[in-house]
Amino acid sequence: MRYAPLCPTRLKKMRGSQFVLLALAGWLSACALDAVWAQPKTTKGKTTSGPAAGHGAPGGAGAPGMRPPATKGAGATPKAGGAATTPPVPVDPATGLPLGYDPKKSPTELMTMEKPLATEDQIAKWKKDTKNLAEYRKALRNADLSPAGKAVLTMGIKYRLALMTLKENQQDLHKLREDLTVRDQTDAASVPALKPDVVRAFRRWFLEEVAKETEPLLDNNLYVRIQAATLLGELVLMPADEEKKQKLETFTPPVDMLRKVIRNPDQPLAVKIPAARSMIRLIRYGDLPAPKRFEVMKDVLAELTSPNAKTEPKTHYWYEMRLVEVLSTLDTPLDLETRRPVMVEKLTEIVRDPQRHWHVRAEAAKALGRVPLDPQVNVASLLHDVMQLTLDMAKAAQQSPKAPHWKLTFWKLYLTFQPKDKDERNAAKNAPAGLLKNPSAGNAAQQPYQLVVPLVNAVINSEPITAEHLKAVEDWLQKNKGLAGVASGPTRSTLTNGATATNAAAVGGANTP
């Protein structure tokens, strides 16, 4: 049936009752539309047909690569009336918090403690008087060790360090540290007319004052401790000068302070690691007396020895690696008490220990190429340990070639035999580093070195380790097992009664170059 459109003429002819019905129908339609438009934008009331479903709706069931939207309240427990309710969250009775909830942890006391060396007013007063800083720099450049000059210098050092203990300066601690270790050390006794012995005497006094005033910072908050441990390792007695043919010489007395840090069980690892790094630099480029080297060796060996190291490692592997590097700087062939090469014994034990991290074991192998080898050391056994580590690493690298530690650890295997550059010396500072340059190893290290180089090249250049590489190392190990006197286990000794450097020359057989 067709309906003619309504027009004014037709409306005029309509009866009153018909007009009322038509108006009522229009009003009801308008109310219905208003109700639809006024609905809140929720999923209720939507149909599953038309543009609201399928490809027309974001996340709809038919959209390519899209999962259907999750049903609201899925998994909820329905009520008796058909509505759903979320089950209660289990609560930990001990804390009253939901199970699995990990509340934000507050900073520890070590991170928030404040131990300023001076009040803000004292620092502001010193800083306000520009004459103080000018006098400090003048005394520093002129190497003024008069009573007045010493007083000015000591006050200037205290001012520098006091700034590091203010909470407001935590973001600039490294800059404040370098004011002392870079700017002031460069200016110290920098007047050209000063004689070398005057320069040396002044710098020694100045660095003694810096070290003495820095020691309390090792008991400050964590941030200050880290910077203090780093600062002590940056103290230089005599800077390098190519024109004067003067080599860098570090200031070694702070080694005693740093030894206390690494042996203190209350010092966090974040402080011990920079302390160990500072010891490495001070000993490597400084002149540490033999008794002090012996004391350092004992402390480091104690740190590396754990009562139950196989199942409960005492320290993080990165700290162990730094401790091993400290040993590599020590010219201590024998224990002064037992007259045994305990340091070499410990290093070879670490090389053999499968519980240690690859970084630590490779660092120990590298250290063996730098420390002195007493005639008691069975060099054949030592080389066998290094090559067994090489084989173990090569097999592991075959299984996971993309592991991030292989390039550095294999590079350290190379450095077991060679110095890293023309300037690197052994611990005694009397010969280039590396087993190839160590007279105690003789020609014994030549063939192992030739087997290590192809493996290192393969890893460094991201090339596969071949079966031929592994077989060459395995054949060498089997061939030299008897000469090395190899026994199983990581605790066997590297010593042989009457062992001398001559027994090392036989390692590798007749093919040794």
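Predicted model: local features only at pLDDT ≥ 70, side-chain atom pairs only at ≥ 80, totals over all residues.
Me: How many helices are in the chain?
Reply: The chain has 513 residues, and 42% of them are buried. Its secondary structure includes four strands. The number of helices is 21.

Me: What share of the contacts with a separation of 6 or more joins residues 24 or more positions apart?
Reply: The contacts in question are those in the chain with a separation of 6 or more. Among these, the part that comes from residues 24 or more positions apart is 69%.

Me: Is the pair of Trp-126 and Tyr-159 stacked or edge-to-face?
Reply: A pair of aromatic rings is described by how far apart the centres are and by the angle of the planes. For Trp-126 and Tyr-159 the centres are 4.2 Å apart and the planes stand at 25°. Planes under 30 degrees apart meet the cut-off, so this pair is stacked.

Me: Which helices does the pair of Trp-126 and Tyr-159 link?
Reply: Both residues are buried. They are 33 residues apart, and the pair links distant parts of the chain. Trp-126 is in residues 120–128 and Tyr-159 in residues 147–164, which are helices α4 and α6.

Me: What is the angle between the planes of Trp-406 and Phe-410?
Reply: Trp-406 and Phe-410 are four residues apart in helix α17 (residues 406–415), which means a separation of about one helical turn. Both are buried. Their rings are 6.0 Å apart, centre to centre, and the pair is edge-to-face, with an angle of 65°.

Me: Which residues do ring pairs link into a cluster?
Reply: The structure holds eight aromatic pairs. Ring pairs join four side chains into a cluster: Trp-411, Tyr-414, Phe-417 and Tyr-449.

Me: Which backbone oxygen does the side chain of Arg-203 reach?
Reply: Arg-203 lies in helix α8 (residues 196–214). It is buried and has no salt bridge, with Asp-187, the nearest side chain of opposite charge, 8.8 Å away. Beyond four places in sequence, Arg-203 touches Ala-188, Ala-189, Val-236, Leu-237, Met-238 and Pro-239, among others. At 2.9 Å, its side chain reaches the backbone oxygen of Gln-185.

Me: What is the relative accessibility of Ala-367?
Reply: Ala-367 has its place in helix α15 (residues 358–368). Leaving aside neighbours within four places in sequence, it is in contact with Val-324, Ser-328 and Leu-347. Leu-347 in turn is in contact with residues including Leu-327, Ala-364 and Val-371. Ala-367 counts as buried, because its relative accessibility is 0%.

Me: How many residues apart in sequence are Ala-367 and Asn-426?
Reply: In space the two residues are 9.3 Å apart, taken C-alpha to C-alpha. Their separation in sequence is 59 residues.

Me: Is Arg-259 buried or exposed?
Reply: Arg-259 meets Asp-256 in a salt bridge at 3.1 Å, N to O. The two are three residues apart in helix α10 (residues 255–263), or about one helical turn. Asp-256 counts as partly exposed at 26% relative accessibility. For Arg-259 the value is 17%, so it counts as buried.

Me: Which residues are linked in a network of salt bridges with Asp-256 and Arg-259?
Reply: A search of the whole structure finds 31 salt bridges. Several side chains are linked in a network that includes Asp-256 and Arg-259; the others are Lys-292, Glu-295 and Asp-299.

Me: Where is Glu-320, the partner of Arg-356?
Reply: The closest N and O atoms of the salt bridge between Arg-356 and Glu-320 are 2.8 Å apart. Arg-356 is buried at 9% relative accessibility, and Glu-320 is buried at 8%. Arg-356 sits in the loop between α14 (342–352) and α15, whereas Glu-320, 36 residues apart from it, is in helix α13.

Me: What is the relative accessible area of Asp-392?
Reply: Asp-392 forms a salt bridge with Arg-361 at 3.7 Å between the closest N and O atoms. Asp-392 is in helix α16 and Arg-361 in helix α15, so the pair ties together parts 31 residues apart in sequence. Arg-361 is buried, at 4%. Asp-392 is partly exposed, with a relative accessible area of 27%.

How values were computed:
Residues numbered from 1 in each chain as written. Heavy atoms only, no water. Phe/Tyr/Trp six-rings, centres within 6.5 Å; stacked < 30°, edge-to-face > 60°. Buried < 20%, exposed > 50% of the residue type's maximum accessible area, 1.4 Å probe, protein only. Lys, Arg positive; Asp, Glu negative; His and termini not counted. Salt bridge = Lys/Arg side-chain N within 4 Å of Asp/Glu carboxyl O. Polar contact = N/O pair within 3.5 Å; in protein donor to acceptor, adjacent residues only side chain to side chain. Contact = heavy atoms within 4.5 Å.
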